[in-house]
Amino acid sequence: MTTTVPTAAQLAEVADLARRVREQLHTVLSGLDDAVDATLATILAEGHLLLEDVPGVGKTTLARALGRALDTTVGRIQFTPDLLPSDVTGVSVFRGDEHRFEFRPGPVFANIVVADEINRASPKTQAALLESMQEKAVTVDGETRPLPSPFLVVATQNPIDMEGTYPLPEAQRDRFMTRIAVGYPSPGDEIAMLDAHDGHDPLAEVRPVATAADLERAIATVRGIYASPAVKQYLVDVVRGTRGSADLRLGASPRSSLQLLAAAKARAAMAGRDHVLPDDVKALAAPVLAHRVIPAAQARAAGRSAEAVIHDILARVAVPAARAPEALSRG
Amino acid sequence: MNGGRWRLLATPLIAIAAGLGVGGLSGLVVFGDWLRPTGAVLGATAAVVVLARLATGRPFLPSVAGALAGAWLIVVAYVPGPDGGTTWLPRGETLDGLRVVAERAYWYAQTSVAPAEVEASLAGAITLAVVALFLAVDALAVGAGFAASSGFLLLAPWLPALTLERRVPTLALAGALGAWLAVIALSRRSDRGTWRARARDGASPAAPGAALAATAATLLVALVAAPLAIGGPGWGAMPRLTLPASLGGNSRLDLEIDLRNSLTEQSAEPVLTYTSDSGRMDVLRAYSFGTFDGTSWDRDPVGDTAPATGVLWPEDTGSPLIAEPGTLAIRFGASAESRVFVPAVPRTLAAGSEWRYDASTDEVLIDRPEGTTDLRYTVRLAVDFHTEETLRAADALVAAGGDSAVPARYLDLNERIDIDKVRQVAQAVTGSATGRYEQAVALQDYFRGPNFTYSTDVAQTTGDAVSTFLADGNGYCVQFATAMVVMARTLDIPARMAIGYLGGTADGDEYVVRGRDAHAWPELYFPGHGWVRFEPTPAVQTGDRPAYTPQDTPENEPEQPFATERPTAVPSRAPVPEPTVGAEAPTEDGSAGFPWITVVVLALAAAGGGAALWARGRARASAVTDAESAWATMRRRLGVRAGDETLTPAETERWIVSEGPDLGDAARASLASLRAAVEDARYAPTSRAVDAEALSRWVDDVTHAAKEAERGEKARG
């Protein structure tokens, strides 16, 4: 994969795309700007998104609004315990008139796949989705079929009401670039939401503002974003901080470093910048890292979430300068 | 904030190291209660520095606070007010008081005998020096971060010990060295400090080798270079480390070389103690030296001896000599001499049947294997035997050939001496004198005059030691005594050198004579009267002249602001407690002027050094060459208001705007420009060049606006 240094025009295009998508989503989901930004960064960094929160805060709405705002195909899967892998990937059916098998693509063959309540499906079905996320292809009856590009899985998961569910193991969660807790809206935002739903479906008002081709170009631009050694140093310092933290039983993997950098690049491009700032890393550290680490028993007992631990680490790691000031030799 | 804590610990350690530096004066002053206020002032100053450092992040402000506190404490402790009370609040008169104390300390240092008892003004001067040393080292090591290099300053108080005494109190030196090394070790911990700590100390930790190299260099300078440079060539140039007294040996007069070892070793070992009903003895006499070959003396051979009974005195002056005798009870320690020490006046001994007396040398021999070890005896003496009248009376006998009874060796002059030249000097000195007594007094006055300086720093000479001494004027008691003996002989006065101890120091009812009291003096023969001691060695070493010679007059003695405080400490050794002034010869008229020149030079040097440091600090603070240094400079100037090191430039900008004082639009724009420049420099693939002038301007805009805003807030609130 070759990367080219993005031109100012390309950067402006990405920034403009991000602005337009934000505007559209804002009409539906006021007050979720951070979640929207993280979602956009995830899609531009070719990652996948895990939305984890209580029911009714707009997880699915966010996913659907995103699908509408981007002029792309949207597949939706409601995960249930009896869902089979073939319900996700598609199935070959025999056509008697033509004496051959024909492949009926499953809902996974879409630019944006909304996987609702992924933890309700059996591990086998979960694995089928997660494999296709990793490979960006589906293999049925020995034939490998590529998935469309761009390809984004937005999975939602309900952290309470866990009976009869199969929570995603850590290794599987690692395949999602970001996890976002949507959270409750502020009182003002909630009132605005009531107004928006007054009599009609606000989703219907969301107009497509970007095509799949636009997204493809933006993704290419993001790949060319520059990350200076100082930023990489900072990013590695943060990730290593999770491994040395007494509050964490399991730190973040090297894969998380790659994904954090990719997401930070996307955020930089969305701001029209051709280089990553430590601010990008900071903004995305919790969404990218929190679902990959396991808090230690005492942290859990103290009621500290993984996000809180990550924020503690961010408050400890120094932002490196290009060169240390006054690095004079002292005797 | 871990990075800052070492400073709080380092400052007391530096105070300890500086305080132990007083140990470097061990041979020059007598330690006593005066150390307590010195320690208290030093401790209080260190406490002020530590507290100030807790209160402020600025590197040198604590030093300034410490200097003010230290100066005030010294004024309170050492400068009496006009009414004699304590000066709580320095006023105009305090300057006068300060001047008086300084003059007094200087006079005292010049005239007192080392090791000197320390009186208040001298203690004040020493305290001032110690506090100044502490503040300088603290500013260098903790303020500026040059912990290792500060060792060179800490070396300063040891220079007198190294260059004058060539002895170093090992335990104190080891303590100071240890404290200093601890400061270095502590300073290494600051490498992981906050960004401000690192900005001050340098981000890359100094290699451990740097500390090692500094230690090695310090020891090299202390032990080799300084003594060689200042002491010059010659034996004894290498310093000797002193063992604690409990490990040391006993003192004994070394008759083979000369007294230099006894003098320079500064032995505090008691040789003997005595009680006396007639005050301190001038000298206690043991040996006679009559033959001088130009560079060294030979002991007199033992002549006819008789039991040491009756009045012991070489001249038969008839009985009863001792009409109103004084009594002396002497107790020897471990010292094993072969002669019994007696006063240099007619005396009787109440002890020891095996003792014998040699009238030709005036020595009392003791015939037992252990010599004088643990000897106790009582002496009765003719206290006021020598008087000006009796000595003047001898002139008649001289004319009548009274010297013929004296052995010829006491007039002998070795041909290696430039006899004619010495005689010329002697005749010039005694030109107007009539009679032997006046000649002797003239010679004594000549040596105690301004041309001669007491010093144990005498290079070895081969050939004519007397001419060398007369030319360069530097020597200790042996040189003075030898020169006076030789000059007397050129004037046909029989003369010899006597060796013994000076009278020691009072300790309760007793007097204690120590190894460092070893002394040599000339004796001149007065027919019909005997051998009479004169004292050419300057007052710094021996104190007053013999009572039977004219005393110092106010014209040739420096003014004494406190006559009762006349130095009583005992004789010997080093010139004066202050090496810087001690080496100077007294001024022409014999009065020592206050060394204003020295003070002015020192003050100028201090001011110059301070200005250089300040300028360097300014230069470093304003060393805005690129965006990174501009950013660092701005953060340093804003201090805590710039947030901490975990903030990105953009977050720092927000922090300053939200938490700091209100900067105003222009300064906020400058701050944003600065932030953009540093982000660009750090993180962009190719950074735009921003000229240093613009960066400097932005930095100044922001810091100036912050200061203004803060001032405004203070004014309002």
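Strand E12 (residues 356-358) and strand E13 (residues 363-365) of chain B pair in the antiparallel sense, over 3 bridges. Strands here are DSSP runs of E with at least two residues, helices are runs of H or I with at least four, and both are numbered from the N terminus; two strands count as paired if DSSP finds at least two bridges between them. Within this pair, Tyr357(B) has Val364(B) of E13(B) as its bridge partner. The two strands belong to an open antiparallel sheet of 4 strands in chain B, in the order E8-E12-E13-E10. Its edge strands are E8 (305-307) and E10 (339-340) of chain B, each pairing on one side only. Strands of a sheet pair through backbone hydrogen bonds, either parallel or antiparallel.

This is a predicted model, in which local features need pLDDT of at least 70, side-chain atom pairs count only at pLDDT 80 or more, and totals for chains, interfaces and linings use all residues. Residues are numbered from 1 along each chain as its sequence is written, while chains are lettered from A and ligands numbered from 1 in the order in which they are written.

Chain B has 23 helices and 21 strands. One of the helices, H3 (residues 61-78) of chain B, has 18 residues and should span 26 Å at 1.5 Å a residue, which agrees with the 26 Å between its end C-alpha atoms; the expected span is 1.5 Å times one less than the number of residues. Among the buried residues of H3(B) are Gly66(B), Leu73(B) and Tyr78(B). A residue is buried if 20 or more other C-beta atoms, placed from the backbone, lie within 10 Å of its own, exposed if 12 or fewer, and partly exposed in between. Of the 717 residues in chain B, 46% are buried.

Chain A has 13 helices and 13 strands, and 44% of its 331 residues are buried. The largest nonpolar core has 95 residues, and Leu260(A) and Ala263(A) have the most contacts inside it. Such a core is a set of buried Ala, Val, Leu, Ile, Met, Phe, Trp, Tyr and Cys residues joined through C-beta atoms within 7 Å. Helix H10 (residues 254-270) of chain A gives the most to this core, with 9 residues. Domain 1 (1-224) and domain 2 (226-319) of chain A both contribute residues, so the core lies between them; the bounds come from an automatic or database domain assignment. A second, separate core of 82 residues includes Val271(B), Ala286(B), Leu381(B) and Phe480(B).
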